[in-house]
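The following questions and answers examine a protein chain for a reader who works with computed models. Please keep the sequence and the structure in view throughout.

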Amino acid sequence: MKFPKDFLFGAASAAYQIEGGYNQDGKGVSNWDVFSKIPGKTFEGTNGDVAIDHYNRYKEDIKLMAEMGLESYRFSVSWCRIIPNGTGEINQKGIDFYNNIINECLKYGIVPFVTLYHWDLPQVLQEKGGWINKDTIDAFLNYANVCFKAFGDRVKHWITFNETIVFSKLGYINGAHPPAIQNDEKKYFQSTHNVFVAHAKAVELYKKLKQYGEIGITHVFSPAFSVDDNEENLDAENHANNMETYWYYDPILLGKYPEYMVEYLKKKEITPDWTEEELELLKRNASKNDFIGLNYYQPQRVIKNIDDVDVKFSRENSTGAAGGVYFDGYFKTVIDDDKKYTKWGWEISPEGFLDGLRMLKARYGDVKIYITENGLGDEDIIIDGEIVDIPRIKFIEEHLVAVKNAIKEGINLKGYYAWSVIDLLSWLNGYKKQYGFIYVDHNNKLARKKKLSFYWYKNIIETRGENL
């Protein structure tokens with residue numbers, strides 16, 4: 001079986017992680033520009049001031065994408081490059097830059113797939129409360145409108161938000177992302193609700209503009225599975241899936257919050273300050289989502305937590321590795337000796353991916369899905385000047401086989417975007433953790449070099465995965 005003709009093979013990136021040019025051409029200051037410079041917040045104090053200088057080298061990078069045969073490129077727009085203070089004056093040079101990116105992609109026949117928000121919030125808005133301030137919803141809607149009107153004639157695939165769970169949970173529970181607040185469940189759930197409202201408003205606006213493209217949202221997909229059939233552990237699985245999956249997917253795809261979570265929040269007296277109008281907005285717009293984006297790296301293996309422990313957070317334990325107690329103390333994620341793990345402690349499980357996709361189909365029906373991120377973070381081996389990233393090839397190959405099997409089962413998968421197209425700044429982990437098909441040499445003026453995986457993925461695209 002070959003992948004269908006309308007299935008897009010792509011790769012992804014994010015503005016803060018690749019662009020650099022943090023103060024070039026009128027760009028405003030983002031929350032990450034500020035946060036990454038606080039001592040101890042990132043590995044070796046790395047920040048995105050230069051990143052991999054994609055802002056000045058985008059032509060070279062997109063040419064390499066074309067050589068690899070990418071059919072689509074998922075990238076994000078930096079809000080503060082477009083509207084430096086989050087609201088108010090538009091920066092034409094920011095518009096020009098993304099027009100250049102889009103046009104360069106189209107020159108090579110690469111479909112642009114644009115994410116509006118990939119964690120870099122204008123600092124001015126952060127200081128006014130960020131995503132717990134409802135004014136940020138209106139500011140986002142205005143920003144989305146500017147982007148739709150500037151780029152919508154050529155961009156026909158839009159993602160509103162990337163991984164709400166990460167920027168909200170790490171922002172208000174773990175304290176590892178801006179605004180670096182710990183253990184504030186009320187703010188955590190409020191921020192997620194405000195994001196869902198902003199998403200629904202953006203979807204409604206986009207449909208009114210009649211640009212005849214598609215719009216959706218991208219979530220982390222980390223399905224939870226009990227380690228056995230013990231009733232307590234199955235209860236932990238249900239709790240984990242409600243907290244980590246259904247809370248994020250239900251309001252988008254079903255237009256309402258899961259009952260389990262509504263009761264949980266009520267019991268703990270941390271229900272978000274939501275209005276009937278907002279809840280009606282979610283309900284009204286659920287059917288207008290054209291797709292859901294999934295960022296899948298690993299599943300969660302869970303057991304009921306019976307220990308009375310005080311959960312402590314740090315930069316090191318906030319990046320998704322198994323083996324810890326959930327923030328509300330309800331369950332634990334566990335490491336299984338029979339499973340394979342990355343160097344960062346993430347389980348490698350294509351079978352968990354397929355089981356999770358089945359779970360989504362059972363709950364949400366025939367929703368259109370793009371895999372908007374999937375890939376291996378590693379420290380790549382260099383032999384005689386060649387980047388021999390065989391573990392990455394193996395990882396992506398196994399997950400593409402799972403995607404192929406899902407399509408055979410009738411799951412509506414329409415594209416796969418490897419994370420990432422090129423080695424980039426890995427937020428808290430600096431440049432130590434590599435994901436790309438293209439190597440960036442930080443000891444040689446950020447020179448680009450094709451990895452073994454570059455040629456392998458090129459072949460997969462050319463043959464439409466027939467031999468997987």
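Q: Which helices each supply at least two residues of the lining of the second largest pocket?
A: In this predicted model, the lining of the second largest pocket includes E259 and V262, along with L279, L282 and K283. Two helices each supply at least two lining residues: α11 (259–268) and α12 (276–285).

Q: Which helix gives the most to the lining of the second largest pocket?
A: Among the lining residues are L279, L282 and K283, and the range 276–285 belongs to α12. With three residues, the element that gives the most to this lining is α12.

Q: How many cavities of 30 Å³ or more does a search of the whole structure find, and what volume has the largest cavity?
A: Rolling a probe the size of a water molecule over the atoms shows where empty space is left. The search of the whole structure finds five cavities of 30 Å³ or more. The volume of the largest cavity is about 90 Å³.

Q: Which elements give two or more residues to the lining of the largest cavity?
A: The lining of the largest cavity includes N31 and W32, as well as F167 and Y172. The elements giving two or more residues to this lining are α2 (31–35) and α8 (164–172).

Q: How many charged residues are in the lining of the largest cavity?
A: Tryptophans W32, W119 and W131 are among the lining residues, as are the prolines P178 and P179. The lining divides into nine nonpolar and three polar residues, and the number of charged residues is none.

Q: How many charged residues does the lining of the second largest cavity have?
A: The second largest cavity holds about 70 Å³ of space. Its lining includes E19, K27, D33, R81 and D120. Alongside three nonpolar and three polar residues, the number of charged residues is five.

Q: Where is P179, and what is the omega of the peptide bond from P178 to P179?
A: P178 and P179 both take part in the lining of the largest cavity. P179 is placed in the loop between α8 and α9. The peptide bond from P178 to P179 is cis, with omega near 10°.

Q: Where does S420 lie, given the cis peptide bond from W419 to S420?
A: The bond from W419 to S420 is cis, with omega near 5°. S420 lies in the loop between β13 (413–419) and β14 (438–441).

Q: Is A51 buried or exposed?
A: A51 lies in the loop between α2 and α3 (54–68). Its phi is positive, about 50°, although A51 is not a glycine. Because its relative accessibility is 4%, A51 counts as buried.

Q: Is E163 buried or exposed?
A: E163 is found in the loop between β4 (157–162) and α8. Although E163 is not a glycine, its phi is positive at about 55°. Because its relative accessibility is 7%, E163 counts as buried.

Q: Why does the radius of gyration of the protein chain agree with a compact globule?
A: The C-alpha atoms fill a box of roughly 55 × 55 × 45 Å along the principal axes. Because a compact globule with 468 residues would have a radius of gyration near 23 Å, the value for the protein chain agrees: 21 Å.

Terms used:
Residues numbered from 1 in each chain as written. Predicted model: local features only at pLDDT ≥ 70, side-chain atom pairs only at ≥ 80, totals over all residues. Heavy atoms only, no water. 1 Å grid on protein atoms, 1.4 Å probe; cavity = no way out; pocket = protein on both sides within 12 Å on 5 of 7 lines; lining within 4 Å. Helix = DSSP H or I, 4+ residues; strand = E, 2+ residues; numbered from the N terminus. Points joined across faces, edges and corners; volume = space filled by probe spheres on them. Nonpolar A, V, L, I, M, F, W, Y, C, P; charged D, E, K, R; others polar. Rg over C-alpha atoms; globule rule 2.2 N^0.38 Å. Buried < 20%, exposed > 50% of the residue type's maximum accessible area, 1.4 Å probe, protein only.
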